[in-house]
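Dear colleague,

I am passing on the structure below, and would be grateful if you could look it over alongside the notes that follow it.

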Amino acid sequence: MKRSITIYGKTFIIRHLILAVLFLFVCLVQVIPQWGMFYSQNIYPRIASVLSSFSDLFPFAVGDLFIALSLIGIIVYPIYAHRILKKKWKNIWLNDLEYIIWIYVWFYMAWGLNYSRPNFFQRTGIVYVSYTPSDFQDFVNDYIEKLNSAYTETNAVGKGLVQHEVVNQYNLMADSLAIHRPFHSSPRAKTMLFTPFISMVGVTGSMGPFFCEFTLNGDLLPLQYPATYAHELAHRLGISSEAEANFYAYQVCTRSQEKSIRFSGYFSILGHVLSNAYRLMPEEDYKKLLNRIRPEIIEAARKEQQYWNEKYSPIVGKVQDWIYDLYLKGNKIKSGRKNYSEVIGLIISYDKWKDKFNNNSNILK
């Protein structure tokens with residue numbers, strides 16, 4: 001009996017010592033920028049490679065199931081432990097608290113510490129441009145021309161082709177745009193386990209941090225699939241900012257030789273372009289802008305909005321929006337859910353940098 005108690009006591013101490021060290025490490029990485037860079041460049045790729053290799057063995061979203069079971073366990077365990085095991089409430093709450101701390105540490109160690117990595121401009125050396133209405137107008141003119149030119153009717157999408165094209169483009173631009181290369185040649189996108197509920201809150205994809213797997217909404221429209229796949233893969237590659245994930249998805253898809261993928265890339269930011277245009281342009285200019293977009297594209301956007309509106313639940317959706325906004329702000333994304341639309345600033349800054357770089361290269365020649 002004494003031996004078993006001693007073994008249990010040592011296990012208890014070791015377990016809590018490990019938890020304390022990991023918790024301290026997570027806290028330090030969040031406040032020391034150099035540690036955040038070291039984690040994202042050296043630790044995360046190894047963790048992601050192992051966890052994603054494991055999760056890819058299963059055809060379903062392991063992370064979704066894990067989260068669901070954890071929530072159920074946290075709620076059910078206290079009742080079971082008190083009524084069946086006759087444990088004291090103090091010990092029950094301490095056990096629940098310990099489990100929550102392990103979940104917290106796992107989340108940040110497995111992926112969440114990417115929120116502490118340098119942002120896009122710090123990683124690439126590209127200077128942020130606080131664009132003027134004139135800059136935005138130039139961008140819009142170029143964007144609409146490319147959007148209209150890329151249009152193609154998309155009724156189906158080859159998922160294998162999307163996977164190949166997206167991986168290829170990430171490999172090509174990894175060095176120039178400071179992002180990891182895909183950890184596997186065929187990154188597997190899982191379908192969300194609770195698709196009907198997820199559609200009620202309007203979420204099209206997510207990054208499963210606990211097993212480094214990314215999931216896509218089973219209700220995704222063919223036109224949305226390529227850009228959403230590229231967006232969620234960016235998250236798996238360590239990109240935490242939604243604006244940056246939008247930026248990388250846009251760059252990946254619009255560089256593809258496959259027309260349906262290229263159009264998906266341009267179409268993916270149409271809503272952000274129009275919302276910025278509505279805010280920056282006089283009403284008459286905004287109407288002229290809309291009239292320049294091909295009617296087939298306007299109709300595709302209208303049908304997409306109607307499609308998701310029919311699945312959306314305002315009550316559940318607003319709660320989810322509020323929670324996710326708090327989550328982003330609590331993880332150094334100060335603009336919260338507005339971060340998605342900041343992709344326009346990234347694209348304009350990158351385009352200006354690219355033009356300047358090309359001009360300097362021509363002068364040197």
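I begin with L85, which is partly exposed at a relative accessible area of 42%, where buried means under 20% relative accessible area, exposed over 50% and partly exposed in between, with a 1.4 Å probe and protein chains only. Please bear in mind that this is a predicted model, in which local features need pLDDT of at least 70 and side-chain atom pairs count only at pLDDT 80 or more, while totals for chains, interfaces and linings use all residues. Residues are numbered from 1 along each chain as its sequence is written, and side-chain values use heavy atoms, with hydrogens and water left out.

L85 sits in the loop between α3 and α4, the helices (H or I, at least four residues) and strands (E, at least two) being DSSP runs numbered from the N terminus. It belongs to a nonpolar surface patch whose members are F60, L65, L69, I72, I75, V76, Y80, I84, L85, L193, F194 and F197, and which together have about 1,100 Å² of accessible area. Such patches are made of residues with over 30% relative accessible area and no salt bridge, like charges being joined within 9 Å and nonpolar side chains (Val, Leu, Ile, Met, Phe, Trp, Tyr) within 5 Å; a salt bridge is a side-chain nitrogen of Lys or Arg within 4 Å of a carboxyl oxygen of Asp or Glu, and accessible areas come from the Shrake-Rupley method with a 1.4 Å probe, only the protein chains shown counting as cover for residues. Helix α3 (residues 62-83) gives the largest share of the patch, 6 residues.

Turning to aromatic rings, the search of the whole structure finds 35 pairs, counted when ring centres of Phe, Tyr and Trp (its six-membered ring) lie within 6.5 Å, with planes under 30 degrees apart called stacked, over 60 edge-to-face and the rest tilted. W106 and F211 are edge-to-face, because their centres are 5.3 Å apart and their planes stand at 75°; W106 is in helix α4 (residues 89-110) and F211 in the loop between β2 (205-208) and β3 (213-216), 105 residues apart. W106 is partly exposed at 29% relative accessibility, whereas F211 is buried at 9%.

The rings of Y143 and Y266 are tilted, with centres 6.4 Å apart and planes at 55°, and both residues are buried.

Finally, V273 in helix α12 (residues 270-280) is buried at 1% relative accessibility, and it touches F136, F139, V140, Y143 and I344, leaving aside residues up to four places away in sequence, contact meaning heavy atoms within 4.5 Å.

With best regards
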